[in-house]
Amino acid sequence: MAAGLAFESRAFIDDAFVDAASGDTFESRNPATGEILAQVASCDEPDAERAVAVAREAFAGGEWSRLAPGKRKRILLRLADLMEAHKHELALIDTLDMGKPISSSLGDMAGAIGCIRYQAECIDKLYGEVAPTGEESLALVLREPLGVVAAIVPWNFPLMMTAWKIAPALAAGNSVILKPSEKSPLSALRLAALAREAGLPRGTFQVLPGFGHTAGKALALSMEVDCLAFTGSTQVGKQLMQYAGQSNLKRVYLECGGKSPNIVFADCKDLDQVASHAAAAIFHNQGEVCIAGSRLLVENAIREEFVERVLKAAEGMQPGDPLDPDSFMGAIVDETQHRRILDYIRQGVEEGARLRSGGQPLDGPGLFILPTVFDGVTPSMTIGREEIFGPVLSVFGFDTEEEAIFMANDTPYGLAAGLWSQDIDRIMRVTRRLQSGQVFVNNWAGGDQTMPFGGVKQSGNGRDKSHHSLEEYSELKSVWMALQTE
Ligand code: NAD
(Lines give C-alpha, C1' and ligand atoms only; values in the text may rest on other atoms or scores of the structure.)
Protein backbone atom coordinates (compact mmCIF):
# COMPACT_ATOMS: atom_id res chain seq x y z
CA MET A 1 0.00 0.00 0.00
CA ALA A 2 1.40 3.44 -0.95
CA ALA A 3 -0.18 6.80 -1.67
CA GLY A 4 -3.55 5.22 -0.79
CA LEU A 5 -3.20 2.64 -3.58
CA ALA A 6 -3.63 -1.11 -3.16
CA PHE A 7 -1.62 -3.03 -5.73
CA GLU A 8 -2.58 -6.30 -7.40
CA SER A 9 0.51 -8.42 -6.96
CA ARG A 10 -0.61 -11.90 -8.02
CA ALA A 11 -0.10 -13.46 -11.43
CA PHE A 12 -3.00 -13.37 -13.93
CA ILE A 13 -3.43 -16.89 -15.29
CA ASP A 14 -6.56 -18.45 -16.80
CA ASP A 15 -8.70 -15.38 -16.12
CA ALA A 16 -7.90 -15.28 -12.41
CA PHE A 17 -5.38 -13.60 -10.10
CA VAL A 18 -3.36 -16.37 -8.45
CA ASP A 19 -0.25 -16.86 -6.33
CA ALA A 20 2.79 -18.50 -7.89
CA ALA A 21 2.57 -22.30 -7.65
CA SER A 22 5.54 -22.23 -5.26
CA GLY A 23 4.01 -19.47 -3.15
CA ASP A 24 7.24 -17.49 -3.61
CA THR A 25 7.21 -13.71 -3.87
CA PHE A 26 9.67 -10.90 -4.54
CA GLU A 27 9.66 -7.31 -3.31
CA SER A 28 8.62 -4.34 -5.35
CA ARG A 29 10.20 -1.16 -3.92
CA ASN A 30 9.81 2.52 -4.66
CA PRO A 31 13.38 3.59 -5.55
CA ALA A 32 12.69 7.21 -4.64
CA THR A 33 11.92 6.35 -1.01
CA GLY A 34 12.96 2.74 -0.43
CA GLU A 35 9.39 1.91 0.62
CA ILE A 36 8.18 -1.64 -0.12
CA LEU A 37 5.12 -1.40 -2.38
CA ALA A 38 4.13 -5.06 -2.66
CA GLN A 39 5.24 -8.67 -2.43
CA VAL A 40 4.76 -9.89 -5.97
CA ALA A 41 4.11 -13.48 -7.11
CA SER A 42 7.40 -14.94 -8.30
CA CYS A 43 6.40 -17.22 -11.16
CA ASP A 44 8.59 -20.05 -12.39
CA GLU A 45 8.43 -23.00 -14.77
CA PRO A 46 5.20 -24.60 -13.44
CA ASP A 47 3.35 -21.27 -13.72
CA ALA A 48 4.74 -20.72 -17.22
CA GLU A 49 3.69 -24.22 -18.28
CA ARG A 50 0.20 -23.65 -16.96
CA ALA A 51 -0.16 -20.26 -18.66
CA VAL A 52 1.15 -21.66 -21.95
CA ALA A 53 -1.33 -24.57 -21.82
CA VAL A 54 -4.19 -22.15 -21.16
CA ALA A 55 -3.04 -19.84 -23.95
CA ARG A 56 -2.76 -22.74 -26.38
CA GLU A 57 -6.24 -23.99 -25.49
CA ALA A 58 -7.69 -20.49 -25.89
CA PHE A 59 -6.02 -20.14 -29.28
CA ALA A 60 -7.34 -23.49 -30.48
CA GLY A 61 -10.83 -22.65 -29.17
CA GLY A 62 -10.93 -19.71 -31.55
CA GLU A 63 -12.93 -17.36 -29.35
CA TRP A 64 -10.31 -14.69 -30.07
CA SER A 65 -8.12 -16.13 -32.81
CA ARG A 66 -11.06 -16.71 -35.15
CA LEU A 67 -13.13 -13.75 -34.07
CA ALA A 68 -13.82 -11.36 -36.94
CA PRO A 69 -11.16 -8.62 -36.94
CA GLY A 70 -13.80 -5.92 -36.56
CA LYS A 71 -14.97 -7.55 -33.32
CA ARG A 72 -11.41 -7.86 -31.99
CA LYS A 73 -11.03 -4.19 -32.82
CA ARG A 74 -14.03 -3.24 -30.68
CA ILE A 75 -12.70 -5.10 -27.63
CA LEU A 76 -9.23 -3.58 -27.97
CA LEU A 77 -10.74 -0.11 -28.33
CA ARG A 78 -12.69 -0.77 -25.12
CA LEU A 79 -9.41 -1.69 -23.44
CA ALA A 80 -7.88 1.59 -24.64
CA ASP A 81 -10.89 3.51 -23.27
CA LEU A 82 -10.51 1.80 -19.90
CA MET A 83 -6.81 2.65 -19.85
CA GLU A 84 -7.69 6.25 -20.66
CA ALA A 85 -10.17 6.32 -17.78
CA HIS A 86 -7.47 4.93 -15.45
CA LYS A 87 -4.44 6.70 -16.92
CA HIS A 88 -3.56 8.67 -13.79
CA GLU A 89 -3.66 5.53 -11.68
CA LEU A 90 -1.55 3.59 -14.21
CA ALA A 91 0.97 6.42 -14.50
CA LEU A 92 1.22 6.67 -10.73
CA ILE A 93 1.88 2.92 -10.46
CA ASP A 94 4.78 3.11 -12.93
CA THR A 95 6.27 6.15 -11.19
CA LEU A 96 6.08 4.54 -7.75
CA ASP A 97 7.36 1.20 -9.06
CA MET A 98 10.41 2.37 -11.02
CA GLY A 99 11.08 6.00 -10.11
CA LYS A 100 10.40 7.80 -13.38
CA PRO A 101 8.93 11.33 -13.19
CA ILE A 102 5.16 11.44 -13.25
CA SER A 103 5.22 13.72 -16.32
CA SER A 104 7.09 11.01 -18.19
CA SER A 105 4.72 8.27 -16.97
CA LEU A 106 1.74 10.29 -18.18
CA GLY A 107 3.45 10.66 -21.56
CA ASP A 108 3.92 6.87 -21.59
CA MET A 109 0.19 6.39 -21.02
CA ALA A 110 -0.61 8.49 -24.07
CA GLY A 111 1.87 6.38 -26.05
CA ALA A 112 0.47 3.09 -24.73
CA ILE A 113 -3.17 3.99 -25.29
CA GLY A 114 -2.41 5.45 -28.71
CA CYS A 115 -0.64 2.24 -29.70
CA ILE A 116 -3.56 0.03 -28.69
CA ARG A 117 -5.99 2.26 -30.61
CA TYR A 118 -3.77 2.35 -33.69
CA GLN A 119 -3.27 -1.43 -33.86
CA ALA A 120 -6.96 -2.05 -33.15
CA GLU A 121 -7.88 0.25 -36.02
CA CYS A 122 -5.39 -1.41 -38.38
CA ILE A 123 -6.58 -4.94 -37.99
CA ASP A 124 -9.82 -4.72 -39.98
CA LYS A 125 -8.10 -2.84 -42.78
CA LEU A 126 -5.47 -5.45 -43.63
CA TYR A 127 -6.34 -7.42 -46.74
CA GLY A 128 -4.96 -10.73 -47.91
CA GLU A 129 -3.77 -11.09 -51.49
CA VAL A 130 -4.70 -12.84 -54.69
CA ALA A 131 -1.44 -13.74 -56.40
CA PRO A 132 -1.20 -12.90 -60.11
CA THR A 133 -1.25 -16.46 -61.49
CA GLY A 134 -3.00 -17.82 -64.59
CA GLU A 135 -6.68 -18.71 -65.04
CA GLU A 136 -6.11 -22.36 -64.15
CA SER A 137 -5.67 -21.44 -60.51
CA LEU A 138 -6.81 -19.13 -57.78
CA ALA A 139 -3.83 -18.39 -55.55
CA LEU A 140 -4.55 -16.77 -52.21
CA VAL A 141 -2.09 -15.39 -49.69
CA LEU A 142 -3.78 -15.43 -46.29
CA ARG A 143 -2.56 -13.80 -43.10
CA GLU A 144 -3.06 -15.87 -39.97
CA PRO A 145 -2.12 -15.39 -36.31
CA LEU A 146 0.94 -17.29 -35.08
CA GLY A 147 -0.52 -18.89 -31.95
CA VAL A 148 1.01 -18.19 -28.54
CA VAL A 149 3.16 -15.07 -28.22
CA ALA A 150 5.31 -14.49 -25.12
CA ALA A 151 6.14 -10.81 -24.62
CA ILE A 152 9.14 -10.18 -22.35
CA VAL A 153 9.64 -6.50 -21.54
CA PRO A 154 11.96 -4.19 -19.57
CA TRP A 155 11.33 -1.68 -16.81
CA ASN A 156 12.21 1.70 -18.28
CA PHE A 157 8.83 2.36 -19.93
CA PRO A 158 6.85 -0.45 -18.30
CA LEU A 159 3.40 0.03 -19.75
CA MET A 160 4.40 1.62 -23.03
CA MET A 161 6.82 -1.18 -23.98
CA THR A 162 4.06 -3.61 -23.00
CA ALA A 163 1.56 -1.92 -25.31
CA TRP A 164 4.02 -1.87 -28.21
CA LYS A 165 4.16 -5.68 -28.02
CA ILE A 166 0.71 -6.79 -26.94
CA ALA A 167 -1.33 -4.42 -29.13
CA PRO A 168 -0.25 -5.84 -32.52
CA ALA A 169 0.04 -9.39 -31.15
CA LEU A 170 -3.52 -9.35 -29.81
CA ALA A 171 -4.92 -7.46 -32.79
CA ALA A 172 -3.52 -10.17 -35.08
CA GLY A 173 -5.47 -12.81 -33.10
CA ASN A 174 -2.75 -14.40 -30.96
CA SER A 175 -2.93 -15.49 -27.34
CA VAL A 176 -0.41 -13.39 -25.40
CA ILE A 177 1.53 -14.10 -22.22
CA LEU A 178 3.28 -11.04 -20.83
CA LYS A 179 6.30 -11.26 -18.56
CA PRO A 180 6.94 -7.79 -17.15
CA SER A 181 10.30 -6.90 -15.67
CA GLU A 182 10.83 -7.97 -12.07
CA LYS A 183 11.74 -4.31 -11.46
CA SER A 184 8.36 -2.93 -12.57
CA PRO A 185 5.63 -5.59 -12.55
CA LEU A 186 2.70 -3.68 -11.05
CA SER A 187 1.16 -1.77 -13.96
CA ALA A 188 1.02 -4.95 -16.07
CA LEU A 189 -1.07 -6.63 -13.39
CA ARG A 190 -3.45 -3.66 -13.28
CA LEU A 191 -3.64 -3.88 -17.06
CA ALA A 192 -4.68 -7.54 -16.80
CA ALA A 193 -7.74 -6.55 -14.76
CA LEU A 194 -8.65 -3.89 -17.33
CA ALA A 195 -8.21 -6.39 -20.18
CA ARG A 196 -10.61 -8.79 -18.47
CA GLU A 197 -13.10 -5.95 -17.97
CA ALA A 198 -12.77 -4.99 -21.64
CA GLY A 199 -13.88 -8.49 -22.63
CA LEU A 200 -10.72 -10.24 -23.80
CA PRO A 201 -11.68 -13.92 -23.67
CA ARG A 202 -10.24 -16.28 -21.08
CA GLY A 203 -6.60 -17.25 -21.72
CA THR A 204 -6.09 -14.61 -24.41
CA PHE A 205 -4.02 -12.30 -22.24
CA GLN A 206 -2.12 -13.50 -19.18
CA VAL A 207 0.55 -11.85 -17.02
CA LEU A 208 3.37 -13.77 -15.42
CA PRO A 209 5.48 -11.69 -13.01
CA GLY A 210 8.85 -13.19 -12.15
CA PHE A 211 12.54 -13.15 -12.92
CA GLY A 212 14.20 -13.58 -16.28
CA HIS A 213 16.10 -16.74 -15.38
CA THR A 214 12.89 -18.38 -14.06
CA ALA A 215 9.60 -17.29 -15.66
CA GLY A 216 11.25 -15.64 -18.68
CA LYS A 217 13.52 -18.57 -19.47
CA ALA A 218 10.67 -21.08 -19.10
CA LEU A 219 8.59 -19.18 -21.66
CA ALA A 220 11.56 -18.83 -24.00
CA LEU A 221 12.33 -22.56 -23.90
CA SER A 222 8.69 -23.67 -24.18
CA MET A 223 7.86 -25.92 -27.14
CA GLU A 224 4.36 -24.42 -27.20
CA VAL A 225 5.29 -20.74 -27.53
CA ASP A 226 5.38 -19.69 -31.17
CA CYS A 227 6.96 -16.27 -30.86
CA LEU A 228 9.10 -14.30 -28.40
CA ALA A 229 8.57 -10.57 -28.56
CA PHE A 230 11.41 -9.09 -26.54
CA THR A 231 12.56 -5.66 -25.45
CA GLY A 232 15.62 -5.54 -23.23
CA SER A 233 19.38 -5.82 -23.27
CA THR A 234 21.43 -7.17 -26.16
CA GLN A 235 22.95 -9.77 -23.84
CA VAL A 236 19.56 -11.28 -22.96
CA GLY A 237 18.40 -10.94 -26.57
CA LYS A 238 21.28 -13.20 -27.62
CA GLN A 239 20.26 -15.74 -24.97
CA LEU A 240 16.69 -15.78 -26.25
CA MET A 241 17.88 -16.67 -29.75
CA GLN A 242 19.77 -19.60 -28.26
CA TYR A 243 16.69 -20.74 -26.34
CA ALA A 244 14.70 -20.67 -29.56
CA GLY A 245 17.34 -22.84 -31.23
CA GLN A 246 17.36 -25.25 -28.29
CA SER A 247 13.57 -25.61 -28.39
CA ASN A 248 11.15 -25.15 -31.27
CA LEU A 249 12.73 -22.46 -33.49
CA LYS A 250 10.09 -20.02 -32.35
CA ARG A 251 10.23 -16.60 -33.95
CA VAL A 252 12.32 -14.16 -31.93
CA TYR A 253 11.83 -10.41 -32.38
CA LEU A 254 14.34 -8.33 -30.49
CA GLU A 255 14.40 -4.67 -29.50
CA CYS A 256 17.72 -4.30 -27.69
CA GLY A 257 20.19 -1.76 -26.41
CA GLY A 258 21.86 1.27 -27.96
CA LYS A 259 24.71 3.75 -27.74
CA SER A 260 23.21 6.35 -29.99
CA PRO A 261 25.24 9.12 -31.65
CA ASN A 262 23.88 12.65 -31.79
CA ILE A 263 25.91 14.62 -34.35
CA VAL A 264 26.08 18.42 -34.18
CA PHE A 265 27.55 20.20 -37.21
CA ALA A 266 28.87 23.75 -36.85
CA ASP A 267 26.29 25.06 -39.35
CA CYS A 268 23.27 24.21 -37.21
CA LYS A 269 20.86 26.96 -36.28
CA ASP A 270 20.31 28.26 -32.74
CA LEU A 271 23.01 26.55 -30.68
CA ASP A 272 21.13 27.12 -27.40
CA GLN A 273 18.12 25.24 -28.63
CA VAL A 274 20.21 22.38 -30.04
CA ALA A 275 22.16 22.14 -26.76
CA SER A 276 18.94 21.96 -24.81
CA HIS A 277 17.70 19.09 -27.05
CA ALA A 278 21.07 17.34 -26.76
CA ALA A 279 20.85 17.48 -22.95
CA ALA A 280 17.23 16.26 -22.93
CA ALA A 281 18.22 13.43 -25.33
CA ILE A 282 20.36 11.90 -22.57
CA PHE A 283 18.78 13.12 -19.33
CA HIS A 284 15.13 12.35 -20.15
CA ASN A 285 13.91 9.45 -17.98
CA GLN A 286 17.26 9.59 -16.06
CA GLY A 287 19.02 8.33 -19.17
CA GLU A 288 17.23 5.01 -18.80
CA VAL A 289 16.15 5.11 -22.43
CA CYS A 290 17.15 2.69 -25.18
CA ILE A 291 17.49 5.56 -27.67
CA ALA A 292 19.26 7.91 -25.25
CA GLY A 293 21.57 10.23 -27.20
CA SER A 294 24.48 9.11 -25.06
CA ARG A 295 27.27 9.96 -27.53
CA LEU A 296 27.32 13.63 -28.46
CA LEU A 297 29.57 14.17 -31.49
CA VAL A 298 30.33 17.88 -31.91
CA GLU A 299 32.26 19.55 -34.72
CA ASN A 300 35.45 20.83 -33.10
CA ALA A 301 34.95 24.36 -34.48
CA ILE A 302 32.08 24.90 -32.00
CA ARG A 303 32.77 22.24 -29.40
CA GLU A 304 34.00 24.38 -26.50
CA GLU A 305 31.12 26.86 -26.63
CA PHE A 306 28.57 24.12 -27.38
CA VAL A 307 29.57 22.07 -24.34
CA GLU A 308 29.12 25.19 -22.18
CA ARG A 309 25.57 25.48 -23.49
CA VAL A 310 24.88 21.81 -22.80
CA LEU A 311 26.14 22.24 -19.23
CA LYS A 312 23.81 25.22 -18.79
CA ALA A 313 20.85 23.22 -20.13
CA ALA A 314 21.73 20.30 -17.83
CA GLU A 315 21.52 22.61 -14.80
CA GLY A 316 17.78 22.84 -15.43
CA MET A 317 17.39 19.05 -15.57
CA GLN A 318 18.20 18.06 -12.00
CA PRO A 319 16.61 15.01 -10.39
CA GLY A 320 13.71 15.59 -8.03
CA ASP A 321 10.72 13.92 -6.41
CA PRO A 322 9.24 11.72 -9.16
CA LEU A 323 5.75 12.69 -8.00
CA ASP A 324 6.43 16.41 -8.58
CA PRO A 325 5.05 17.29 -12.04
CA ASP A 326 7.98 19.69 -12.51
CA SER A 327 10.73 17.09 -11.95
CA PHE A 328 12.63 16.44 -15.16
CA MET A 329 14.56 13.44 -13.82
CA GLY A 330 13.42 10.94 -11.20
CA ALA A 331 15.08 8.11 -9.30
CA ILE A 332 17.26 5.34 -10.73
CA VAL A 333 15.31 2.08 -10.84
CA ASP A 334 17.20 0.08 -8.18
CA GLU A 335 20.46 -0.22 -6.25
CA THR A 336 22.08 -2.49 -8.83
CA GLN A 337 21.54 0.00 -11.63
CA HIS A 338 22.54 2.92 -9.38
CA ARG A 339 25.84 1.20 -8.53
CA ARG A 340 26.42 0.26 -12.16
CA ILE A 341 26.06 3.87 -13.33
CA LEU A 342 28.41 5.17 -10.62
CA ASP A 343 30.95 2.48 -11.58
CA TYR A 344 30.87 3.70 -15.19
CA ILE A 345 31.39 7.29 -14.00
CA ARG A 346 34.40 6.21 -11.94
CA GLN A 347 35.80 4.35 -14.96
CA GLY A 348 35.33 7.45 -17.12
CA VAL A 349 37.43 9.51 -14.73
CA GLU A 350 40.09 6.77 -14.45
CA GLU A 351 40.36 6.43 -18.24
CA GLY A 352 40.99 10.15 -18.62
CA ALA A 353 37.70 11.68 -19.75
CA ARG A 354 37.05 15.23 -18.42
CA LEU A 355 34.18 15.26 -15.93
CA ARG A 356 32.41 18.60 -16.52
CA SER A 357 29.31 18.18 -14.35
CA GLY A 358 27.53 15.77 -12.01
CA GLY A 359 29.21 12.44 -11.43
CA GLN A 360 27.64 12.13 -7.99
CA PRO A 361 24.60 10.61 -6.35
CA LEU A 362 22.26 12.98 -4.52
CA ASP A 363 22.61 12.97 -0.74
CA GLY A 364 19.70 11.68 1.27
CA PRO A 365 17.24 8.83 0.81
CA GLY A 366 16.37 7.53 -2.65
CA LEU A 367 18.48 6.53 -5.64
CA PHE A 368 19.25 9.72 -7.56
CA ILE A 369 22.24 10.64 -9.77
CA LEU A 370 23.07 14.14 -11.00
CA PRO A 371 23.15 14.79 -14.75
CA THR A 372 26.71 13.94 -15.70
CA VAL A 373 28.69 15.31 -18.65
CA PHE A 374 32.09 14.04 -19.77
CA ASP A 375 34.03 15.92 -22.43
CA GLY A 376 37.10 14.72 -24.33
CA VAL A 377 35.80 11.17 -24.61
CA THR A 378 37.56 8.96 -27.13
CA PRO A 379 36.15 5.89 -28.88
CA SER A 380 38.40 3.53 -26.92
CA MET A 381 37.04 4.61 -23.51
CA THR A 382 34.53 2.32 -21.80
CA ILE A 383 32.01 5.13 -21.25
CA GLY A 384 32.21 5.91 -24.96
CA ARG A 385 31.44 2.35 -26.03
CA GLU A 386 29.14 0.62 -23.55
CA GLU A 387 25.48 1.28 -22.88
CA ILE A 388 25.34 2.86 -19.41
CA PHE A 389 21.56 3.30 -19.18
CA GLY A 390 21.86 6.29 -16.88
CA PRO A 391 22.25 10.10 -16.99
CA VAL A 392 25.81 10.13 -18.38
CA LEU A 393 26.69 12.03 -21.55
CA SER A 394 29.95 11.42 -23.43
CA VAL A 395 31.08 14.28 -25.69
CA PHE A 396 33.41 13.56 -28.62
CA GLY A 397 34.94 16.03 -31.07
CA PHE A 398 35.26 15.63 -34.86
CA ASP A 399 36.66 17.71 -37.71
CA THR A 400 35.13 16.33 -40.89
CA GLU A 401 31.83 14.85 -42.04
CA GLU A 402 33.60 11.62 -42.91
CA GLU A 403 35.03 11.35 -39.42
CA ALA A 404 31.61 12.01 -37.85
CA ILE A 405 30.03 9.21 -39.90
CA PHE A 406 32.82 6.80 -39.01
CA MET A 407 32.56 7.58 -35.30
CA ALA A 408 28.75 7.36 -35.34
CA ASN A 409 28.85 3.88 -36.90
CA ASP A 410 31.78 2.65 -34.82
CA THR A 411 29.59 0.69 -32.37
CA PRO A 412 27.95 -2.73 -32.24
CA TYR A 413 24.60 -0.95 -31.82
CA GLY A 414 22.32 0.69 -34.38
CA LEU A 415 19.14 1.87 -32.73
CA ALA A 416 18.98 5.64 -33.21
CA ALA A 417 21.10 8.51 -34.48
CA GLY A 418 20.56 12.25 -34.68
CA LEU A 419 22.05 15.00 -36.76
CA TRP A 420 21.78 18.76 -36.60
CA SER A 421 22.59 20.85 -39.66
CA GLN A 422 20.99 23.36 -42.01
CA ASP A 423 22.55 21.84 -45.13
CA ILE A 424 20.02 19.54 -46.83
CA ASP A 425 22.66 17.93 -49.04
CA ARG A 426 24.75 17.08 -46.00
CA ILE A 427 21.66 15.88 -44.11
CA MET A 428 20.78 13.38 -46.84
CA ARG A 429 24.41 12.30 -47.40
CA VAL A 430 24.91 11.55 -43.73
CA THR A 431 21.44 10.08 -43.11
CA ARG A 432 21.91 7.48 -45.84
CA ARG A 433 25.22 6.33 -44.38
CA LEU A 434 24.19 6.08 -40.73
CA GLN A 435 23.74 2.46 -39.63
CA SER A 436 20.65 3.02 -37.55
CA GLY A 437 17.02 1.93 -37.32
CA GLN A 438 15.95 5.55 -37.01
CA VAL A 439 17.51 8.90 -37.77
CA PHE A 440 16.33 12.14 -36.18
CA VAL A 441 17.10 15.25 -38.21
CA ASN A 442 17.08 18.55 -36.29
CA ASN A 443 15.20 16.87 -33.43
CA TRP A 444 15.67 13.98 -31.04
CA ALA A 445 13.19 11.11 -30.56
CA GLY A 446 10.53 12.35 -32.97
CA GLY A 447 7.97 9.82 -34.20
CA ASP A 448 4.41 8.60 -33.74
CA GLN A 449 2.31 5.46 -34.09
CA THR A 450 2.63 5.52 -37.89
CA MET A 451 6.42 5.07 -37.78
CA PRO A 452 8.16 1.73 -37.18
CA PHE A 453 10.55 1.66 -34.22
CA GLY A 454 13.51 -0.71 -34.00
CA GLY A 455 17.18 -1.20 -34.57
CA VAL A 456 19.85 -2.73 -36.79
CA LYS A 457 23.09 -4.55 -35.88
CA GLN A 458 23.04 -5.67 -32.23
CA SER A 459 20.17 -3.33 -31.38
CA GLY A 460 17.78 -5.98 -32.64
CA ASN A 461 15.78 -7.26 -35.56
CA GLY A 462 12.17 -6.35 -34.79
CA ARG A 463 9.95 -3.36 -35.46
CA ASP A 464 7.43 -2.08 -32.95
CA LYS A 465 4.59 0.33 -33.85
CA SER A 466 2.99 1.09 -37.24
CA HIS A 467 1.19 -1.48 -39.37
CA HIS A 468 4.55 -3.16 -40.03
CA SER A 469 4.52 -4.60 -36.49
CA LEU A 470 1.38 -6.57 -37.33
CA GLU A 471 3.39 -8.48 -39.92
CA GLU A 472 5.61 -9.86 -37.15
CA TYR A 473 2.69 -11.42 -35.33
CA SER A 474 1.07 -13.08 -38.32
CA GLU A 475 2.02 -15.85 -40.70
CA LEU A 476 1.48 -16.03 -44.44
CA LYS A 477 -0.40 -19.06 -45.75
CA SER A 478 -0.33 -19.71 -49.49
CA VAL A 479 -3.42 -21.42 -50.87
CA TRP A 480 -3.26 -22.75 -54.42
CA MET A 481 -6.66 -23.75 -55.81
CA ALA A 482 -6.64 -25.62 -59.08
CA LEU A 483 -9.52 -24.54 -61.36
CA GLN A 484 -11.08 -26.10 -64.42
CA THR A 485 -10.89 -23.61 -67.24
CA GLU A 486 -13.61 -25.35 -69.29
P1 NAD B 1 17.12 -7.08 -19.45
O2 NAD B 1 17.58 -7.65 -20.74
O3 NAD B 1 17.93 -7.32 -18.25
O4 NAD B 1 15.65 -7.62 -19.10
C5 NAD B 1 14.58 -7.47 -20.02
C6 NAD B 1 13.54 -8.55 -19.71
O7 NAD B 1 14.12 -9.82 -19.99
C8 NAD B 1 13.08 -8.58 -18.26
O9 NAD B 1 11.71 -8.87 -18.19
C10 NAD B 1 13.90 -9.73 -17.69
O11 NAD B 1 13.30 -10.34 -16.57
C12 NAD B 1 13.95 -10.67 -18.88
N13 NAD B 1 15.06 -11.65 -18.85
C14 NAD B 1 16.29 -11.49 -18.30
N15 NAD B 1 17.01 -12.62 -18.45
C16 NAD B 1 16.23 -13.50 -19.12
C17 NAD B 1 16.40 -14.84 -19.57
N18 NAD B 1 17.54 -15.52 -19.36
N19 NAD B 1 15.38 -15.43 -20.23
C20 NAD B 1 14.21 -14.78 -20.46
N21 NAD B 1 13.98 -13.52 -20.03
C22 NAD B 1 14.98 -12.88 -19.38
O23 NAD B 1 16.92 -5.52 -19.71
P24 NAD B 1 16.41 -4.42 -18.71
O25 NAD B 1 17.50 -4.11 -17.74
O26 NAD B 1 15.08 -4.79 -18.18
O27 NAD B 1 16.18 -3.18 -19.70
C28 NAD B 1 17.22 -2.39 -20.14
C29 NAD B 1 17.62 -2.75 -21.54
O30 NAD B 1 16.48 -2.71 -22.40
C31 NAD B 1 18.61 -1.77 -22.13
O32 NAD B 1 19.62 -2.47 -22.80
C33 NAD B 1 17.75 -0.97 -23.12
O34 NAD B 1 18.48 -0.38 -24.16
C35 NAD B 1 16.81 -2.00 -23.59
N36 NAD B 1 15.61 -1.39 -24.19
C37 NAD B 1 15.46 -1.45 -25.54
C38 NAD B 1 14.36 -0.83 -26.15
C39 NAD B 1 14.16 -0.88 -27.65
O40 NAD B 1 13.05 -0.60 -28.10
N41 NAD B 1 15.16 -1.21 -28.44
C42 NAD B 1 13.41 -0.18 -25.36
C43 NAD B 1 13.59 -0.17 -23.98
C44 NAD B 1 14.70 -0.78 -23.40
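**Entry 1: the domain boundary**

I began by counting 9 residue pairs in polar contact between domain 1 and domain 2, with both residues of each pair at pLDDT 80 or more. A polar contact here is a pair of N or O atoms within 3.5 Å; within protein, one must be able to donate a hydrogen and the other to accept it, and residues adjacent in sequence count only if both atoms are side-chain atoms.

A note on the model: it is predicted, so I kept in mind that local features need pLDDT of at least 70 and side-chain atom pairs pLDDT 80 or more, while totals for chains, interfaces and linings use all residues. Residues are numbered from 1 along each chain as its sequence is written, and side-chain values use heavy atoms, with hydrogens and water left out.

**Entry 2: who sits on the domain 1 side**

I then asked which helices of domain 1 each supply at least two residues to the side that touches domain 2. I found α3 (87-98) and α4 (102-123); helices are DSSP runs of H or I, at least four residues, and strands are runs of E, at least two, numbered from the N terminus. Helix α3 gives the most, with 4 residues. By class, I noted 10 nonpolar, 7 polar and 4 charged residues on this side. Ala, Val, Leu, Ile, Met, Phe, Trp, Tyr, Cys and Pro count as nonpolar, Asp, Glu, Lys and Arg as charged, and the others, Gly among them, as polar.

**Entry 3: extent of the interface**

I looked up the bounds: domain 1 is 11-256 + 460-478 and domain 2 is 261-448, from an automatic or database domain assignment. The contact (heavy atoms within 4.5 Å) takes 21 residues from domain 1 and 28 residues from domain 2. The buried area is about 1,800 Å², with 61% from carbon and sulfur atoms; this is the accessible area (1.4 Å probe) that the two parts lose on being put together, summed over both. P31, P101 and W155 supply 26% of what domain 1 buries against domain 2, more than any other three residues.

**Entry 4: salt bridges**

How many salt bridges cross the interface of domain 1 and domain 2? I found 1, taking a side-chain nitrogen of Lys or Arg within 4 Å of a carboxyl oxygen of Asp or Glu. The total count comes to 32. I also looked at K73 and E121, whose side chains meet at 3.6 Å, N to O. K73 lies in helix α2 (residues 69-85) and E121 in helix α4, so this pair ties together parts 48 residues apart in sequence.
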